[in-house]
Amino acid sequence: MSDISIPGKIIAVHLNYRSRAAQRGRTPATPSYFLKPSSSVAATGGTLERPAGTELLAFEGEIALIIGRSTRRVSPEEGWAAVSGVTASNDFGLYDLRAADKGSNVRSKGGDGFTPVGPNIVPTTAIDPQALRVRTWVNGELVQSDTTDGLLFPFGQLVADLSQLMTLEPGDLILTGTPAGSSVVAPGDIVEVEVDAPTAPGSPTSGRLVTHITEGTTPFGDFGTKPAVDELQRAEAFGTAAEPGPAPFELTDELRTLLTSVSTATLSSQLRKRGLNNVSIDGLHSTRPGTPLIGRAKTLRYIPNREDLFESHGGGYNAQKRAFDALGAGEVLVIEARGERGSGTVGDVLALRAQVNGAAGIVTDGGVRDLAIVAALDIPTYHAGGHPAVLGRRHVPWDTDITVACGGAAVQPGDVIVGDADGLIVIPPALVASVVADAIEQEQEEEFIAERVADGEKIDGLFPMDAEWKERYRAWLTQR
């Protein structure tokens with residue numbers, strides 16, 4: 001279905017994802033909105049001009065609700081029934097003009113083409129509103145990924161809230177907020193947004209909404225507010241109120257404690273909901289399976305042995321020794337050994353050095369020498385097996401602090417590594433806070449479900465919980 005008409009009203013939510021709220025440093029108690037003109041719609045995308053003299057054009061990938069019938073004064077439970085379909089949208093905004101109209105966003109978000117939508121409509125009959133996903137790519141790189149599981153205010157609540165004061169008409173659009181990851185784009189960039197329901201039959205999708213950014217040539221006149229930026233606007237446009245670019249991430253003691261309280265299985269489930277399926281480091285064994293491993297990644301890469309390269313890079317204060325010496329408290333050394341088990345990649349002396357430095361763990365997809373001694377240390381080491389041979393039999397220590405491949409997973413310096421008896425998970429730093437919060441909530445739900453199953457309840461309707469069981473779950477929470 002792809003018939004997207006020009007709406008009578010476009011209503012956008014200011015803040016509606018937990019990940020975005022965490023990024024902004026504020027969580028609203030109730031939803032708030034602004035209006036966008038229908039002339040800002042660009043059906044199925046196309047090109048968007050960044051006006052001359054501006055620099056802070058920001059994208060916001062969102063799920064757009066399409067109202068299917070005249071709606072007034074409905075309840076939150078009835079709100080979703082008023083929606084006929086969903087599609088992808090991009091709520092572009094120009095931070096250079098953000099001060100012009102304060103929170104109304106008339107000029108900063110009302111420009112021609114600033115609301116691409118499409119290309120296809122997903123009928124609501126085919127989807128669960130709690131199981132939708134929105135993703136955004138810039139120049140082919142995934143920069144936003146979240147699900148409606150992370151909403152602060154469900155779709156039905158938004159429709160009900162708005163219908164208290166205004167009649168929503170067929171074709172009206174509600175832009176439901178953007179997750180973390182919104183940032184600035186420049187002329188020449190290509191922005192793509194897709195909304196899908198990956199767990200629904202047939203995995204229905206809106207398709208990719210593609211917008212090409214171009215450079216405007218007509219300057220602003222002297223008869224209105226002109227573009228202007230300050231450090232606050234520049235920082236917020238790039239995605240943080242503190243400084244341009246990604247906000248600095250700290251793996252605090254509180255976060256470590258929270259991560260320790262949930263399993264890697266639950267963390268894996270939450271990452272999958274965010275579109276990240278390839279984040280497990282596979283095929284390794286832990287020297288201390290009962291000890292959780294939590295820390296930020298430092299990386300070391302080995303290349304296949306070649307005698308002349310080992311002669312130039314294998315001896316002396318090589319990359320391997322530098323990596324172990326540089327390990328800090330709470331860090332995890334992740335080693336790329338290509339799954340090659342035919343020689344050791346770490347032995348007892350270097351493992352002891354890591355422990356003395358206060359490192360949280362060692363992860364290698366190669367072999368370990370002196371395995372019995374390494375296993376007796378307090379530091380957990382994940383490995384592919386024991387082997388007596390020295391490094392030079394299979395490997396040349398080559399480089400540190402780069403993106404590596406370990407156990408089939410890509411690991412970047414600074415990624416958060418979590419390990420337990422089930423295995424190892426890699427979490428991008430920007431997702432840690434929201435992933436662990438949702439994982440704790442998921443495990444609470446699973447605890448409730450397990451208690452009910454133990455009491456003899458049937459699985460149907462309970463796992464996953466239908467509306468009736470969710471109501472019982474909420475009552476159970478209040479009694480804890």
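The model is predicted, so local features need pLDDT of at least 70 and side-chain atom pairs count only at pLDDT 80 or more, while totals for chains, interfaces and linings use all residues. Residues are numbered from 1 along each chain as its sequence is written, and side-chain values use heavy atoms, with hydrogens and water left out.

Five strands form an open sheet of mixed pairing, in the order E4-E15-E14-E10-E11. Strands (E, at least two residues) and helices (H or I, at least four) are DSSP runs numbered from the N terminus, and two strands pair if DSSP finds at least two bridges between them. Strand E4 (45-50) and E11 stand at the edges with a single partner strand each, so one side of each has no neighbour in the sheet. From one strand to the next, the twist averages 20 degrees; angles run from 0 to 180 degrees between N-to-C directions, and axes are lines fitted to C-alpha atoms, for helices over the stretch in contact.

Strand E10 (residues 133-138) is mostly covered, with six of its six residues buried. Buried means under 20% relative accessible area, exposed over 50%, and partly exposed in between (1.4 Å probe, protein chains only). Arg133, Arg135 and Trp137 point one way from E10, and Val134, Thr136 and Val138 point the other way.

E10 pairs with strand E11 (residues 141-147) in the antiparallel sense over six bridges. Arginine 133 stands opposite threonine 147 in E11, and valine 134 has aspartate 146 as its bridge partner. Two residues lie between the strands of this hairpin, in which asparagine 139 takes a positive phi near 55 degrees. Six bridges also join E10 to strand E14 (residues 190-196), again antiparallel, and here valine 138 stands opposite valine 191.

Threonine 148 is found in the loop between E11 and helix H3 (155-163). Threonine 148 counts as buried because its relative accessibility is 7%. Beyond its neighbours within four places in sequence, its contacts (heavy atoms within 4.5 Å) include Tyr17, Ile63, Leu132 and Phe155.

Two packed helices are described by the angle and the distance between their axes. The axes of helix H5 (residues 253-260) and helix H11 (residues 432-454) come within 10 Å and cross at roughly 40 degrees. The contact involves Leu255, Leu258 and Leu259 of H5 with Val432, Ala433, Val436 and Ile440 of H11.
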